[in-house]
Amino acid sequence: MSEIKQSPVLKHIVSVIKNAIADSKVEVQSESVSIIKDGNDSIHITHLFDSTENIDTIFFTDKKEILFSEDLLETLQDIEDTAKSDAGLKKSLKAAAIVVNDLSIEMDFIFQAARAAFDELSDSYEFVKATEKNIEELTAQFKFGDNKFDLTIKNVSDKIHIGAQVNSAVTPAVTKTIEADVAKIEQALNKMFK
C-alpha cells in the first residue's frame, strides 16, 4: 500500500497541531483530509482549493473546541511563523485561509471579544447559542434578562458590523438599552480589530 501524499501546507499544519496537543495521533484519510485524535475527541482537517487551485482553505471541524481549549487559535492565525526556514512554505501558509468550525480565525476572535464585552457591560446579558456561522458572518442568540434577541456580526474588510434583532414584544426601554449596548460594542470591536 502506498503512502498518501498530502500538500506541504496541510502536512505542516497537521504537524504543528499534533505536536501542540500531547499524546495526540494523526490519521491521514486522503490527500486532502487528516484527523487528529486526542483521546475520544478528534479534529477533522480538510484542505480544499478553489476552482483555479490558486487559493487554498484549511477547514477545521473541532466539535469539542480542542483548538480553543489548547490556545491554538493564535498559533493558527500566525501559522506562517512556524515555517522558519522554508520561504515557499511560509508564503503558502500565509496565503491559505483557515476556517475553524465555519468561522475565520479573526471572526472567532471577534465573536469571543463581543461575548466578553456583553459580559462586562452587564450581568443581565447571557449568550444562548450560535445559530448561524458563515466564515465572516455569525448570528447568535443572546438574552438580556428574560428577553431574547438575535445578534448578527459581519466582518468585512474595513469594518465590523453588529446588529440586534429584538422581539417586538420587548419593551421599548429594554430595546433601546440593547441597541445602545450593541452600538458601544461595535465601536469597541472596530477599534480593537480594524
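Helices and strands here are DSSP runs, numbered from the N terminus. With that settled, here is the chain. This is a predicted model.

Start with the overall picture. The chain has 6 helices and 10 strands. Its C-alpha atoms fill a box of roughly 65 × 35 × 30 Å along the principal axes. There are 194 residues, and 39% of them count as buried. The accessible surface comes to about 11,400 Å². Carbon and sulfur atoms hold 47% of that surface. Now take contacts between residues at least 6 apart in sequence: 49% of them join residues at least 24 apart.

Next, the inside. Which residues have the most contacts within the largest nonpolar core? They are Ile13, Ile17, Ile43, Phe60, Leu67, Leu76 and Ile98, in a core of 26 residues. Several elements each supply at least two residues to this core, among them helix H1 (8–20), strand E3 (41–49), strand E4 (56–61) and H5. H1 gives the most, with 6 residues.

Look at Ile17. Setting aside neighbours within four places in sequence, Ile17 is in contact with Ile36, Ile43, Phe60, Leu67, Leu72 and Leu76. There is also a second, separate core. That one has 25 residues, including Ala114, Ala117, Ile160 and Ile162.

H1 has 13 residues, and at 1.5 Å a residue the helix should span 18 Å. The end C-alpha atoms of H1 are 18 Å apart, so the two values agree. Its buried residues are Val9, Leu10, His12, Ile13, Val14, Val16 and Ile17.

Helix H5 covers residues 105–121. Those 17 residues should span 24 Å, and the end C-alpha atoms are 24 Å apart, so H5 agrees as well. Buried residues in H5 include Ile105, Met107, Asp108, Phe109 and Ile110. Further along H5, Ala113, Ala114, Ala117 and Phe118 are among the buried ones too.

Now the strands. Thr139 is found in strand E8, residues 137–144. Is Thr139 buried or exposed? Its relative accessible area is 13%, so Thr139 is buried, the cut-off being under 20%. Leaving out residues up to four places away in sequence, Thr139 touches Ala130, Thr131, Glu132, Asp150, Leu151 and Thr152.

One of those partners is Thr131, found in strand E7, residues 125–133. Thr131 is partly exposed, with a relative accessible area of 40%. What about Thr131 and Thr152? Their C-alpha atoms are separated by 9.8 Å, and the two are 21 residues apart along the chain.

On to strand E1, residues 25–28. Lys25 lies in E1. At 57% relative accessibility, Lys25 counts as exposed. Leaving aside neighbours within four places, Lys25 is in contact with Ile35, Ile36 and Lys37. Val28 also lies in E1. With a relative accessible area of 38%, Val28 is partly exposed.

Last topic: charge pairs. Side chains of opposite charge can pair when their charged atoms come close. How many salt bridges does a search of the whole structure find? The search finds 5.

Take Lys194 and Glu106. The closest N and O atoms of this salt bridge are 4.0 Å apart. Lys194 lies in the segment after helix H6 (172–193) and Glu106 in helix H5, so the pair ties together parts 88 residues apart in sequence. Lys194 is partly exposed at 36% relative accessibility. Glu106 is partly exposed too, at 27%.

Then Glu186 and Lys159. Their side chains meet in a salt bridge of 3.7 Å, N to O. Glu186 lies in helix H6, and Lys159 in the loop between strand E9 (147–155) and strand E10 (160–166), so this pair ties together parts 27 residues apart in sequence. Glu186 counts as buried at 18% relative accessibility, whereas Lys159 is partly exposed at 31%.

Finally, Lys184 and Asp181. This salt bridge is 3.6 Å, N to O. Both residues sit in helix H6, 3 residues apart, so about one helical turn separates them. Lys184 is partly exposed, with a relative accessible area of 48%. Asp181 counts as buried, at 8%.

Technical notes: Residues are numbered from 1 along each chain as its sequence is written. This is a predicted model: local features need pLDDT of at least 70, side-chain atom pairs count only at pLDDT 80 or more; totals for chains, interfaces and linings use all residues. Side-chain values use heavy atoms; hydrogens and water are left out. Helices (H or I, at least four residues) and strands (E, at least two) are DSSP runs, numbered from the N terminus. The expected span of a helix is 1.5 Å times one less than its number of residues. Buried means under 20% relative accessible area, exposed over 50%, partly exposed in between (1.4 Å probe, protein chains only). Contact means heavy atoms within 4.5 Å. A nonpolar core is a set of buried Ala, Val, Leu, Ile, Met, Phe, Trp, Tyr and Cys residues joined through side-chain atoms within 4.5 Å. Accessible areas come from the Shrake-Rupley method with a 1.4 Å probe; for residues, only the protein chains shown count as cover.
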